[in-house]
Amino acid sequence: MMTMLRATAASVIAATALLAGATAAPAQSAPELQPETSDTMRADPPNPNWFYVEGGWDSPGTSIFDGLTGKMKGLVDTARLTDFAIDPAGRYYYVAESLWSRRDRGTRQDMVTVYDTRDMKRQAEITIPGRILIGARKNNFVISDDGRWAFVYNLDPASSVNIVDLAARKFRSNVELPGCASMMPNPGIGFSALCSDGSLATVDVTGKKPAITRTAPFFQATDDPIFDNYAYDLAKKQAVFLTYTGLIYTAAIAAQPVVAQPFSIQAAAGLRPGDTKPLDVNWMPGGRQPMALHRPSGHMFVLMHMGEMWTHKESGTEIWDVDLAAKKVVRRLPLKEPMNNIAVTQTAAPLLFVDGEGRKGWIIDPATGEKKHEIENAGGGVITVVDPS
Amino acid sequence: MKLFDADAIGETILRRLAGRTSRRGILSRAGLALVAAPVFPLLPVSRAQASKPDRSAEAKTAFARNAQSKDDTKCDYWRYCAIDGALCTCCGGGIHSCPPGAEPSPVSWVGTCINPDDGKAYLIAYRDCCGKPACGQCGCDNTDRETQLYTPQLNNDVIWCFGTSSMEYHCSTAVLVGAAG
């Protein structure tokens, strides 16, 4: 009995030793899990392949997506009705915003808030006298080509522009600009803006007092308006405008801008030009951010839909690739779902980002039309890219 | 191509006002806000002097051809031809009334809409109701003759809560201003 017991005990010990050996073996090769501490990631510098996608009215915040991987890289703190811009040198994100001391009431405070692009912490809040509340606009808050000045559009309801010295981080001056809005930087001069008389105004801020000059009227501001989310190329000093009916204007931006004769996007695709007449159903441009300019190649990508005049907010069911120099639509990319905003990276192999009412984001290779990534809940707002020009 | 003189006149008036008014004085700013609203009723007078507009079905926009006059809680109600936002009629308010506790903006953007019952065009002032969080009911975005920001009085994306105690947007009304010719 004792022998048997001993034998059993010996085998139990042996079995236990075996088991212990079996479980102990991996512990010797894998590192022991350690307790963790919380920390914060540091962001990479702004990347030419990144898209900055505004959430939209119901879900503010500007999400950063890597176009190559479709992965989210971070989020810029943009509340509802703010405007977002990137320092050309890549050091800062700028947010023009309006806050009230008691949520939606109390003392109003307007400012340009400066974020470091790497730790994404607030660096400064530059107080300004006011700004428009509108949202979904690209050209109400623009940065000069050298990164020194910010131009902030204001409507209260008189129309003016607040100029901010970003180097000194101080508000500098206010320029009254009646009847004009939707700005672009004008290198070495100040800025230019579209006007309700169909002209382009240029504001020279280099003198003691701002000097405003205007081109002759060239478009019909109430009958065939230019989309105010137009595109410009600071390196080439060229702006590209698109009207509701599909006219494309290019303008050389200088102290005295020169606007070229327009061409029809539909005619550039071999179709009859768009018209303002009711019942004239045609391919028309539309959306909140209906066009994106690939500056290195001079190709413009436009969201197009079938409709009549005054359907200019309708989402696009196709993307048209326009070679601006040749005045030809060289490719038409159908979209499986209508999309409302479009942007393109400024890289040698560009990528498109589109989003729409459903907040879905698609990254598309414009060379093939292939959808590279689909991002659920990416956002429904306007899109910004790094402009290395 | 020149289709809507009333709009152009309205734009001119607003621009002239803005041009003459120094925006540095709070009084002038408030004055502009207060003046801008009564200016719009003058528009139909100018419009009436223009040549008689074509109101045939062929001349109507897609919205006007399909508009109805019975239910002002629907986006296709005729007065909403250029509205953008939540309909106050769905938020406890009315066609020209703000919901309880909200405050109407004294300034607005405008639209020219055709009443299907009489075939006539009317000037509509889209006055925002302000001071409460977004209502969120009956969101509409109609864009007849809706333009861009350089003609702000014809743009329906601007938050028009100027001259109110709070600039928070709640909902939008469609106030009939008068016949537009």
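Contact here means heavy atoms within 4.5 Å. This is a predicted model, where local features need pLDDT of at least 70 and side-chain atom pairs count only at pLDDT 80 or more, while totals for chains, interfaces and linings use all residues. Residues are numbered from 1 along each chain as its sequence is written, chains are lettered from A and ligands numbered from 1 in the order in which they are written, and side-chain values use heavy atoms, leaving out hydrogens and water.

**View 1. Where chain B meets chain A.** On the chain B side, 48 residues are in contact with 50 residues of chain A. The two chains bury about 4200 Å² between them, with 56% of that on carbon and sulfur atoms; buried area is the accessible area (1.4 Å probe) lost on putting two parts together, summed over both.

View 2. The rule picks out eight salt bridges between chain B and chain A (a side-chain nitrogen of Lys or Arg within 4 Å of a carboxyl oxygen of Asp or Glu). One of them pairs A:Arg288 with B:Asp141, and their closest N and O atoms are 2.9 Å apart. Elements giving two or more residues to the chain B side are α1 (5–20), α2 (26–39) and α4 (62–66) of chain B, and α1(B) has the largest share, four residues. Helices are DSSP runs (H or I, at least four residues), as are strands (E, at least two), numbered from the N terminus.

**View 3. B:Trp109 and its annotation.** An unreviewed UniProt entry puts "modified residue: Tryptophylquinone" at B:Trp109; such annotations may be inferred rather than shown by experiment. B:Trp109 belongs to strand β3 (residues 109–114) of chain B. With a relative accessible area of 0%, B:Trp109 is buried (under 20%; exposed is over 50%, partly exposed in between, using a 1.4 Å probe and protein chains only). Its side chain reaches the backbone oxygen of B:Ala82 at 2.9 Å.

**View 4. A:Thr202 and its surroundings.** A:Thr202 sits in strand β14 (residues 200–204) of chain A and is buried, at 2% relative accessible area. Leaving aside neighbours within four places in sequence, A:Thr202 has contacts including A:Phe191, A:Ile212 and A:Pro257.

Methods:
A polar contact is a pair of N or O atoms within 3.5 Å; within protein, one must be able to donate a hydrogen and the other to accept it, and residues adjacent in sequence count only if both atoms are side-chain atoms.
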